[in-house]
Amino acid sequence: MRDTRTLRGKVAVVGIGESRYFKHGKSPDPEFKLALQAILAACRDAGVDPRDVDGFSSFSNDRSEPVRLGNALGIRELRFSNMQWAGGGGGAAAAVGNAAAGIVAGMAECIVVLRSLAQGQFQRFGFGPGAPGAKTVSGDMAFQVPYGAISPAQRFAMQTRRFMHDHGVRQEALRAIALASYHHAQSNPRAVMYGRPLDAATYDASRWIVEPFHLYDCCMENDGAAALIVVAAERAKDFPHKPVYLLGSAAGADHRFGAPSHNTPDYGNSGFTTVAKRVYEMAKVGPKDVGVVQSYENFTGCVVMSLYEHGFFAGDEANEFLTFANLTAPDGRLPINTSGGNLAECYMHGFEMVIEAVRQVRGDSPNQARRSDVSMMTAGPMIPPVSSLIFGSEATL
Amino acid sequence: MTAASKSYLPEGLPIPVPEPDGLSAPYWEGLRRGALLVQRCSACGGWQWGPEWICHHCHSFELGWAPIEPRGRIYSWTRSFHPVHPALKDHPPYLIVVVELPHAGGIRMVGNLLGDAQQAVRIGAEVVGVFEHHPDAQPPFTLLQWQSTRAARGPQPGG
């Protein structure tokens, strides 16, 4: 009975699609139109009539609402409309898991999972929450904003600093993550940073945003949309591409993670302690089985913690594990962010990394990892609820 | 020295005010009087910060406000450069600290570390609170800032 309460192998991703990706403010099209472009591209990829879509799943209060999408696309029937509650980019993997749960429970047949985000059209994230020009602040942010502690970068910098202090992590570990993302973007024409390579000297000379984050440790702000299509595993072979099965999905947060005013008990932590354990349990794999990881970089320091919490290295091994050679495809010990990720492909709130995790299993990544049968994505470190997922090929079922 | 020049950061950042439901009002009122009050559960004695309507240890709603000595040690810190608010445009780097208060159940608070922004900062270093009053703001408010205990004792010989 217990084994029926799992998503392992029960759904497959059969289509992926993206709008063109832009630097924030550079998209000629509004956010909703970008969402439609991504959905239509995913439907074309899957050979699905968009009218046969019967559900939508997203995260971070996406503004492209299911009813407007469904009406615009003329879908025959809307059966599933789901939003992962809170967590910002932490919901990027959870949105796939929620769609899978809907399919497995018989609530829908063909669900589009999407994220559309035009930071040029709407507010940019880099200035932190709150209305621009607000004269007063209350609640949790009142304990931080008057001290100039406003942006996510500042909050996460202090958690990263504590982790680096506890485990002796050097700046070079953060640098290796930035260099890997930029390196991978150079063979991905979709990437906003395609044709703009980064070297160690440029990283070192770049300005501080907030210590220990240099400019190149920070994600971009972009305009775009990305979508994928989930169906039941029984139907997976009716579509043109190699099916990519969901092996595991988990979302949530450890005890009092994200408590107010920096009172998270396990402070030097990105939030995956419990989620990592659960995603491996469902997927029935361990860190050694995972060949390639898309690890959401809001900031590189958060990737250090995410990979540590997912068991890829012990704390005191961070400096030797996190090197450019180890983190790059095809033959690094653990290639990460093989499309360029949030740093160098596009900050589509991590959903572009879910798409890349699918590509790795299909075998059509711009930076194919040698081992890509088991492909992981870790979403939105620091911002609970966080989430992770693991995809696998048919051979892993 | 004018009141404005006494503040660590320039005027123009949002002014802290209690929520409409008044949850944190005793804290802000206490700072105005030069007192640090934090939540302590009347039922189990547990400490918590930031404030909430329920004790996360025992679920009692009988939360009191305990005056505590404003001292602690640096739990983490950062030196911030990017102007995250228009009031900070062209402002030089500044220090933000997370301070742990061991005598109040290890709760943590965020503030600025007073003094030279280029000073060496050490996790674990002891700090004392400094009340930074903004009497001319509308509405007036007070922040709790932090200073290293060495700096608070005054200039050291030879330095």
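Begin with the largest nonpolar core, which has 165 residues; select A:L228, A:I229, A:V230, A:V304 and A:V354, the members that touch the most others. A nonpolar core is here a set of buried Ala, Val, Leu, Ile, Met, Phe, Trp, Tyr and Cys residues joined through C-beta atoms within 7 Å. A residue counts as buried if 20 or more other C-beta atoms lie within 10 Å of its own, as exposed if 12 or fewer do, and as partly exposed in between, with C-beta atoms placed from the backbone. Helix 5 of chain A (residues 171-185) gives the most to this core, with nine residues. The core also lies between domain 1 (20-68) and domain 2 (70-159) of chain B, because both give residues to it.

The model is predicted: local features need pLDDT of at least 70 and side-chain atom pairs count only at pLDDT 80 or more, whereas totals for chains, interfaces and linings use all residues. Residues are numbered from 1 along each chain as its sequence is written, and chains are lettered from A and ligands numbered from 1 in the order in which they are written.

Next, centre the view on A:V354. Leaving aside neighbours within four places in sequence, A:V354 is in contact with A:A92, A:A93, A:V96, A:L228 and A:M377. Contact means that the C-beta atoms of two residues, placed from the backbone, lie within 7 Å.

**Strand 3 of chain A**

Select residues 55-59 of chain A, which form strand 3; five of its five residues are buried. Helices (H or I, at least four residues) and strands (E, at least two) are DSSP runs numbered from the N terminus. In a regular strand, side chains alternate between the two faces of the sheet. Here both faces are covered, with A:G55, A:S57 and A:F59 buried on one side and A:F56 and A:S58 buried on the other.

Now show helix 2 of chain A (residues 66-73): with strands 3 and 4 of chain A it makes a right-handed β-α-β unit. Right-handed means that, with the strands pointing away from the viewer, the path from the first strand over the helix to the second runs clockwise. Strand 5 of chain A (residues 110-118) is also parallel to strand 3 of chain A, with three bridges between them, and A:F56 stands opposite A:V112 in strand 5.

**Where the chains meet**

Show both chains: 36 residues of chain A are in contact with 34 residues of chain B. On chain A, strand 6 (136-137), helix 4 (152-167) and strand 7 (208-210) each supply at least two residues to the side that touches chain B. Helix 4 of chain A gives the largest share, six residues. Strand 6 of chain A runs parallel to strand 1 of chain B (residues 15-16), and two bridges join them; the bridge partner of A:T136 is B:I15.

Then select A:Y267, in the loop between strand 10 (244-252) and helix 7 (273-283) of chain A. Is A:Y267 buried or exposed? A:Y267 is buried, because 20 other C-beta atoms lie within 10 Å. Apart from neighbours within four places in sequence, A:Y267 is in contact with A:Q159, A:R162, A:H262 and B:S76.

**Chain B**

Colour chain B by its two domains, 20-68 and 70-159, whose bounds come from an automatic or database domain assignment. Eleven residues from domain 1 of chain B and 13 residues from domain 2 of chain B take part in the contact.

Three strands of chain B form an open antiparallel sheet in the order 3-2-4; the edge strands are strand 3 and strand 4 (63-68), each pairing on one side only. Strand 2 and strand 4 of chain B are joined by six bridges, with B:P67 the bridge partner of B:L37.

Finish at strand 6 of chain B (residues 94-101), where seven of eight residues are buried. Strand 5 of chain B (residues 71-80) runs antiparallel to strand 6 of chain B over seven bridges, and B:S80 has B:Y94 as its bridge partner. Strand 7 of chain B (residues 107-112) pairs with strand 6 of chain B in the antiparallel sense over six bridges, with B:V97 opposite B:G111. Strands 6 and 7 of chain B form a hairpin with five residues between them, and B:G105 in the turn has a positive phi of about 70°.

Key. Pairing = 2+ DSSP bridges.
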